[in-house]
Amino acid sequence: MQATKYIWFNGKLVPWASAKIHVLSHSLHYGTGAFEGIRMYETEKGSSTDADHQPVGPAIFHLKRHMERLIFSAKSLGMKLPYTLDELMQAVVETVRKNKLKSCYIRPIAFFGFGEVRVLPTNCPVEVVIAAWPWGAYLGDEPARITVVKTLRIHPQTLRVNAKVSGHYVNSMLAGREATDRGFTEALQLDYEGNIAEGPGENFFIVKGKTISTPKLGSILPGITRESVMTLARDLGYKVVERTLTIKDALSADECFFTGTAAEVTAIASIDNKKMKKANGSSTDADAYSIGPVTKQIREEFLKITRGENPRYKKWLTFVNGY
Ligand SMILES: *Cc1c(COP(=O)(O)O)cnc(C)c1O
């Protein structure tokens, strides 16, 4: 991981190495942080104007939606952020600008700091940090070989599954480790009813003909990439449905893919070594990495949008100028 110069820490930019917290911080002990993962992309070669005279430069993808979700996730923990939505969005822009970043991953986190050690964080201050650093593809550029893991996704009556909370990632970490320990790229998790939920940090889609399906909300994190890909797929003429999906549905699909800020749109080559029908390799070998035509189209269109190359979706971007 490549360090940058500054981290935004409770309202001030401080040197990367000085952004430290107390070891008795509540969220370290109890997992009570709310966080986000956001990406900023370089657009149109960094020139100052494009053909239709829109300002270009690096652009943050869905900044507002991410910071709204940060506030929502914090609220689910009874945490009130000491900053407004606008202030938080400004803080992200300031962080990437001061670090002169061109493309990067952005990690805002709000957590309970040190006040006293007890379960209810009544006397713990709310702290907010925003860090950003250059970062490439999360699951690699190759289609993923995934496995259905034993670790079920969190039950919605156990934790607030629709919030992005640090403690929930114990479940993600265990699922991810189960997959990589067995030599797979990533895990696919089932919900408490045995239906497909999602990956440890990615939403899941299947493609069958002109229909694209994804698990309905309830046991999953409502991803901003998921929502964007659903809109994009509809605009491209696909039928998009949110429904209950079983392993059988996935195995009989033409293609499957993951979405997420980190994973972007990642093709899935195989599930438990059973190759997807239209993961068009020259070989029938489950290990042959390949990407199906619909996934390929969606992935390419999605990446174009993030790079500011599709005017229709420029409203999803926050351009950062001034460096
Ligand atoms: C963050 C996350 C996702 C992806 O959400 P995006 O908003 O698309 O980044 C999916 N699943 C889980 C469990 C997550 O934490």
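Predicted model: local features only at pLDDT ≥ 70, side-chain atom pairs only at ≥ 80, totals over all residues.
User: How many cavities of 30 Å³ or more does a search of the whole structure find?
Analyst: On a 1 Å grid over the protein atoms alone, a cavity is a set of points where a 1.4 Å probe fits but cannot get out, and lining residues have an atom within 4 Å of a point. Grid points are joined across faces, edges and corners, and a volume is the space filled by probe spheres set on the points. With a threshold of 30 Å³ or more, the number of cavities found in the whole structure is three.

User: Which strand gives the most to the lining of the largest cavity?
Analyst: The largest cavity holds about 50 Å³ of space, and its lining consists of Ile38, Arg39, Tyr41, Phe61, His66, Thr225, Thr261 and Phe302. Strands (E, at least two residues) and helices (H or I, at least four) are DSSP runs numbered from the N terminus. With three residues, the greatest contributor is strand β4 (residues 38-41).

User: How many charged residues are in the lining of the second largest cavity?
Analyst: About 40 Å³ of space lies in this cavity, and strand β15 (residues 264-271) gives the most to its lining, with three residues. Ala, Val, Leu, Ile, Met, Phe, Trp, Tyr, Cys and Pro count as nonpolar, Asp, Glu, Lys and Arg as charged, and the others, Gly among them, as polar. Beside four nonpolar and two polar residues, the lining of the second largest cavity has a charged count of three.

User: Which element supplies the largest share of the lining of the largest pocket?
Analyst: A pocket is an open set of grid points with protein on both sides within 12 Å along at least five of seven lines. The largest pocket contains about 610 Å³ of space; of its 38 lining residues, the closest to its centre are Tyr138, Lys164, Tyr169, Pro200 and Gly201. The largest share, six residues, comes from α4.

User: How many nonpolar residues are in the lining of the second largest pocket?
Analyst: This pocket has a volume of about 230 Å³. Of the 13 residues that line the second largest pocket, the closest to its centre are Ala19, Ile21, Ile109, Phe111 and Val129. Alongside two polar and one charged, the nonpolar count is ten.

User: Why is α2 described as oblique to α3?
Analyst: Axes are lines fitted to C-alpha atoms, for helices over the stretch in contact, and angles run from 0 to 180 degrees between N-to-C directions. Angles under 35 degrees count as roughly parallel, over 145 as roughly antiparallel, 65 to 115 as roughly perpendicular and the rest as oblique. Helix α2 (residues 63-76) and helix α3 (residues 85-98) have axes 10 Å apart and pack at an angle of about 125°. That angle makes α2, relative to α3, oblique.

User: At what angle do the axes of α5 and α7 cross?
Analyst: The axes of α5 and helix α7 (residues 293-306) come within 11 Å. The two helices are therefore roughly perpendicular to each other. The crossing angle is roughly 110°.

Terms used:
Residues numbered from 1 in each chain as written. Heavy atoms only, no water.
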